[in-house]
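Thanks for coming. I will take one structure today and go from the whole chain down to single residues.

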Amino acid sequence: MILLHHLRVGRSMFTVWQLEELGVIYEIKIYHRDPATFRAQDDLKAVHPLGKSPVIEDGDLMLAESSAITTYLLEKFDSDNRFSPPRSDLQDWATFTQWLHYPEGSVFMPLLMNMLLTRSGEDHEALGRFSDKEIELHLNHIAKQLGDNAFILGDSFSAADFGISYVVSLARRLGQIDAYPVLNAYLERNLSRPAYLRALEKAVE
Ligand SMILES: N[C@@H](CCC(=O)N[C@@H](CS)C(=O)NCC(=O)O)C(=O)O
């Protein structure tokens with residue numbers, strides 16, 4: 001059975017959601033951040049050397065990195081391709097992997113910079129200018145890709161929507177999406193899915 005090590009509050013919420021969408025039977029172990037530093041604590045570091053979440057265990061396999069976990073879960077539990085195009089449709093599959101890896105590979109970093117700068121209360125003009133521009137670039141890119149579509153790949157929900165929802169929800173927490181009705185509507189649509197609501201109930205302690 002899959003065991004998910006879930007740190008509150010953070011991106012592993014989106015792994016709980018995936019497990020719910022896939023209908024997988026899983027266990028969840030919940031960890032809490034250090035209230036002073038907001039970092040993971042020793043209990044999570046005892047699970048994996050990086051001390052980060054999500055991490056899953058499946059038998060002998062211990063797997064970190066949210067996009068790798070998504071790929072593994074799809075390979076194992078989505079043989080009828082409900083959440084991704086089949087690899088035989090090479091172009092669609094490649095486009096899917098691009099949107100799967102984009103949130104973590106490109107969008108998260110400037111959002112993190114913004115969060116750290118805000119928390120520090122310090123003025124780092126060059127960094128602030130860089131992260132603001134990058135956030136704008138990425139939010140525009142996501143909004144444009146969505147256009148009139150309900151989901152990031154078009155009419156159908158796919159596993160690429162987990163990571164995109166994560167970064168858009170983080171941007172919302174940072175007060176960055178007020179000017180993007182498309183992104184607000186996208187989040188409302190995804191975060192009201194029954195599987196997400198079930199995940200919310202399971203991921204609290
Ligand atoms: N690239 C990793 C990032 C994992 C990560 O940084 N997770 C955060 C939670 S959102 C974490 O565990 N932070 C705790 C810490 O670094 O102390 C992934 O996609 O899973």
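Predicted model: local features only at pLDDT ≥ 70, side-chain atom pairs only at ≥ 80, totals over all residues.

Numbering runs from 1 along each chain as its sequence is written.

First, the fold. The protein chain has eight helices and four strands; helices are DSSP runs of H or I with at least four residues, strands are runs of E with at least two, and both are numbered from the N terminus. In sequence order the pattern reads β-α-β-α-β-β-α-α-α-α-α-α. The C-alpha atoms fill a box of roughly 50 × 45 × 30 Å along the principal axes. The radius of gyration is 17 Å, which agrees with the value near 17 Å for a compact globule of 205 residues; it is taken over C-alpha atoms, and the rule is 2.2 Å times the number of residues to the power 0.38.

Buried residues make up 32% of the 205. Here buried is 20 or more other C-beta atoms within 10 Å of a residue's own, exposed is 12 or fewer, and partly exposed is in between, with C-beta atoms placed from the backbone. Of the contacts with a separation of 6 or more, 62% are between residues 24 or more positions apart. A contact is two C-beta atoms, placed from the backbone, within 7 Å.

Next, the domains. The assignment gives domain 1 (2–82 + 195–202) and domain 2 (90–193); such bounds come from an automatic or database assignment. Their centres, over C-alpha atoms, are 20 Å apart. Ten residues from domain 1 and eleven residues from domain 2 form the contact. On the domain 1 side, α1, α3 and α8 (194–202) each give two or more residues, and α3 gives the most, with four.

Now the core. The largest nonpolar core has 36 residues, and A160, V167, V168 and A171 have the most contacts inside it. By definition, such a core is a set of buried Ala, Val, Leu, Ile, Met, Phe, Trp, Tyr and Cys residues joined through C-beta atoms within 7 Å. The largest share, eight residues, comes from α6. Leaving out residues up to four places away in sequence, V168 touches I142, I177, L183, Y186 and L187.

What surrounds the ligand? The shell is L7, G10, R11, R39, A40, G51, K52, S53, P54, E65, S66 and E104, where near is a C-beta atom, placed from the backbone, within 6 Å. These divide into three nonpolar, four polar and five charged. Ala, Val, Leu, Ile, Met, Phe, Trp, Tyr, Cys and Pro count as nonpolar, Asp, Glu, Lys and Arg as charged, and the others, Gly among them, as polar.

L174 is in the loop between α6 and α7, and counts as partly exposed because it has 14 C-beta neighbours inside 10 Å. Beyond four places in sequence, L174 is in contact with L111, N114 and M115.

A195 lies in helix α8. With 17 C-beta neighbours inside 10 Å, A195 is partly exposed. Beyond four places in sequence, A195 is in contact with W17, E20 and E21.
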